[in-house]
Amino acid sequence: MVKSKKNKELEVAFLGGVGEIGKNMTAICYANDILIVDCGSTFPSMDDTPGIDLIVPDFTFVKENLDKIKGIVITHGHEDHIGGIPYLLAECGNIPIYGSSLAMALIKHKLTERKMNMPKLNVVKGGDKKNIGVFSVEFINVTHSILGAFALSITTPAGVIFHTGDYKIDFTPVDGESIDLGRIADIGNSGVTLMLGESTNIEKKGTTISEKEVGVTLEKIIQTNTDKRIIIATFASNVNRVQQIISICEKAGRQVAFDGRSMVNISEMAKKLGMLEYKDNTVISIEEIKSVQPNKLCIISTGSQGEPMSALTRMANGEDKEVVIGEQDVVAISSQPIPGNEKAVYTLINKLYRRGAKVLYGSLEQLHVSGHACQDELKLMLSLVKPKYFIPVHGEFRHLKKHEELAISMGIPKENIRLVDIGNRVVVKKKSIQLGQSVEAGEVYVDGDSNVDSLVLRDRKQLSTDGVVIILLNINVENRQLASVDILSRGVVFDDDFLESLKALAEDTFETSSYKNESDRGGLKNNLKRKISRVILNKLRQRPMVLPLLIEQIKEDKDEE
Ligand SMILES: [Zn+2]
Ligand SMILES: [Zn+2]
């Protein structure tokens with residue numbers, strides 16, 4: 001990275017979360033201080049990234065500027081905002097982190113699970129202000145699908161940056177804590193230089209429905225199915241929804257059991273933090289459900305996205321030790337499939353139906369509401385904050401583009417808006433907002449305990465779609481003669497004639513190669529790969545991975561006789 005000496009300018013570097021929904025990470029830089037906002041992860045799709053467990057941002061920018069990094073502020077505890085933290089700390093060492101009690105508890109849990117050193121975790125609440133380097137950060141309560149969500153007002157020597165975080169405007173939130181619109185209006189009135197605004201639901205008109213509506217639907221389901229066992233699958237992090245379900249069950253005289261690792265963990269965490277309240281005998285462990293009549297029980301489980309390892313998937317596959325699905329069950333899926341998960345969710349629903357359960361899902365009823373602001377809420381936010389410059393974030397490119405159009409329609413000049421990609425660095429000046437020199441950024445693929453690069457992924461995709469062909473050349477090193485050729489293949493089929501012709505081609509390639517005189521192994525392998533690949537492509541229209549192996553034997557078989 002080229003460092004400019006006179007760099008007393010406000011810069012914002014986008015390390016993730018723009019042009020995509022996932023792995024949010026932004027760096028706010030002024031002179032020798034850098035503040036990081038969020039550090040998320042993305043769940044990969046099977047099609048693009050076979051075998052990958054998780055995608056996290058490329059942390060090169062942080063590593064190269066480690067002496068300047070003053071802290072990480074977390075808007076809220078969703079994975080797309082905190083999932084990258086263990087990987088960042090593993091690469092860069094401990095950096096102090098600031099966020100809500102729930103977000104900090106979730107991060108602590110991640111680090112404890114991995115037996116990692118604990119950085120300083122600073123718990124903040126709505127209204128708190130923290131000085132972090134040259135920055136003063138105010139945390140402002142917003143409503144979202146997880147408790148402890150904040151917008152950030154970051155005062156810098158070159159003006160105020162307002163970051164909305166993820167939010168919706170819920171006037172009747174379940175926990176009573178509403179979005180602090182009054183404070184947001186005050187901040188707007190005092191002058192905001194740059195606003196970063198989330199864009200997830202820009203395509204939806206009107207306003208998002210209140211979380212309370214989901215409670216009404218779930219109550220109806222529980223009231224009308226008094227003879228059935230109820231299983232409700234939802235996001236473990238939506239503590240408010242879990243609270244609503246528990247409260248309804250207490251009223252209806254049902255006991256509750258949590259199923260799925262994250263549901264058990266997060267509920268326990270939320271209970272300790274005082275965010276989840278229930279009577280002592282309401283919640284039982286999943287091992288205890290056999291002692292309760294099915295129609296006096298409600299199981300709250302993970303797996304509403306059809307995740308392969310989740311509790312609901314285990315139940316649907318008949319693999320859950322404790323919960324056997326049958327005609328006595330009503331399964332309510334209290335979420336919408338996240339784009340990309342539709343197939344997994346519908347496969348799950350089919351399996352549940354096959355086992356005899358009644359399944360409630362989709363938008364038939366208000367079984368789920370979004371945690372993100374729709375158009376009217378986005379307009380209200382822009383009109384309260386009244387930023388000079390605006391950068392839409394937390395969206396795929398079309399979302400960012402539409403959010404730009406919305407901002408223009410509200411009177412923000414086009415030249416004061418920037419659409420950004422991962423790796424862009426924006427320089428905020430008094431009279432303009434400009435793209436500066438890019439920073440190194442991108443994706444890192446995590447598979448088990450190791451990082452995997454894009455070349456490995458390319459190989460995996462090729463293997464999965466076209467198979468592999470191995471060409472074994474047994475060579476007598478002493479006289480440099482070819483002893484034999486073997487061709488093995490997996491995932492691709494050759495008939496005998498074609499196999500013989502490939503062997504002949506391999507022999508011919510060997511005979512005419514410089515290997516015979518100079519031992520040019522690389523040259524021979526490249527030629528084999530190129531020629532064999534071309535013949536297979538011409539004949540079969542397939543592109544398997546071709547792996548030439550030269551086996552150089554010192555002794556001829558004859559000598560051993
Ligand atoms: Zn979120
Ligand atoms: Zn998010």
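# Notebook: strands, helices and domains of a predicted model

**Entry 1. The sheet E4-E22-E23.** I began with an open sheet of three strands, ordered E4-E22-E23, in which the pairing is antiparallel. At its edges I found strand E4 (54-57) and strand E23 (450-452), each of which pairs on one side only. Neighbouring strands of this sheet are turned by 40° against each other on average, direction ignored. I noted the terms at once: helices (H or I, at least four residues) and strands (E, at least two) are DSSP runs, numbered from the N terminus. Two strands pair if DSSP finds at least two bridges between them. Axes are lines fitted to C-alpha atoms, for helices over the stretch in contact, and angles run from 0 to 180 degrees between N-to-C directions. I then looked up E4 and strand E22 (residues 443-447), which run antiparallel and are joined by four bridges. Pro 57 has Glu 443 in E22 as its bridge partner.

**Entry 2. Conventions.** I recorded that this is a predicted model, in which local features need pLDDT of at least 70 and side-chain atom pairs count only at pLDDT 80 or more, while totals for chains, interfaces and linings use all residues. Residues are numbered from 1 along each chain as its sequence is written, and chains are lettered from A and ligands numbered from 1 in the order in which they are written.

**Entry 3. The whole protein.** I found 17 helices and 26 strands in the secondary structure. The C-alpha trace spans about 90 × 70 × 45 Å along its principal axes. Of the 561 residues, 43% are buried. Here a residue is buried if 20 or more other C-beta atoms lie within 10 Å of its own, exposed if 12 or fewer, and partly exposed in between, with C-beta atoms placed from the backbone. I also noted the division into domain 1 (10-206 + 370-454), domain 2 (211-364) and domain 3 (467-560); such bounds come from an automatic or database domain assignment. The C-alpha centres of domain 2 and domain 3 lie 57 Å apart.

**Entry 4. Strand E12.** How many of the residues of strand E12 (residues 194-198) are buried? I found that five of its five residues are buried. Leu 194, Leu 196 and Glu 198 lie on one side of E12, Met 195 and Gly 197 on the other, and both faces are covered. With strand E11 (residues 159-163), E12 pairs in the parallel sense over three bridges, and Phe 162 stands opposite Met 195. From E11 the chain crosses through helix H5 (residues 181-190) to E12 in a right-handed β-α-β crossover. A crossover has this hand if, with the strands pointing away from the viewer, the path from the first strand over the helix to the second runs clockwise. E12 also runs parallel to E19, joined by five bridges, and Leu 196 has Ile 391 in E19 as its bridge partner.

**Entry 5. Two positive phi values.** I looked up His 394, in the loop between strand E19 (389-393) and helix H12 (397-409). Its phi is near 50°, a positive value in a residue other than glycine. Is His 394 buried or exposed? His 394 counts as buried because it has 29 C-beta neighbours inside 10 Å. Ala 31, in the loop between strand E2 (25-30) and strand E3 (33-37), also has a positive phi, near 50°. Ala 31 has 17 C-beta neighbours inside 10 Å and therefore counts as partly exposed.

**Entry 6. Helices H11 and H12.** The axes of helix H11 (residues 375-385) and H12 come within 11 Å and cross at roughly 55°. The two helices are therefore oblique to each other. Angles under 35 degrees count as roughly parallel, over 145 as roughly antiparallel, 65 to 115 as roughly perpendicular and the rest as oblique.

Entry 7. Strand E24 (residues 468-476) and E25 run antiparallel, joined by nine bridges. Leu 473 has Val 485 in E25 as its bridge partner.
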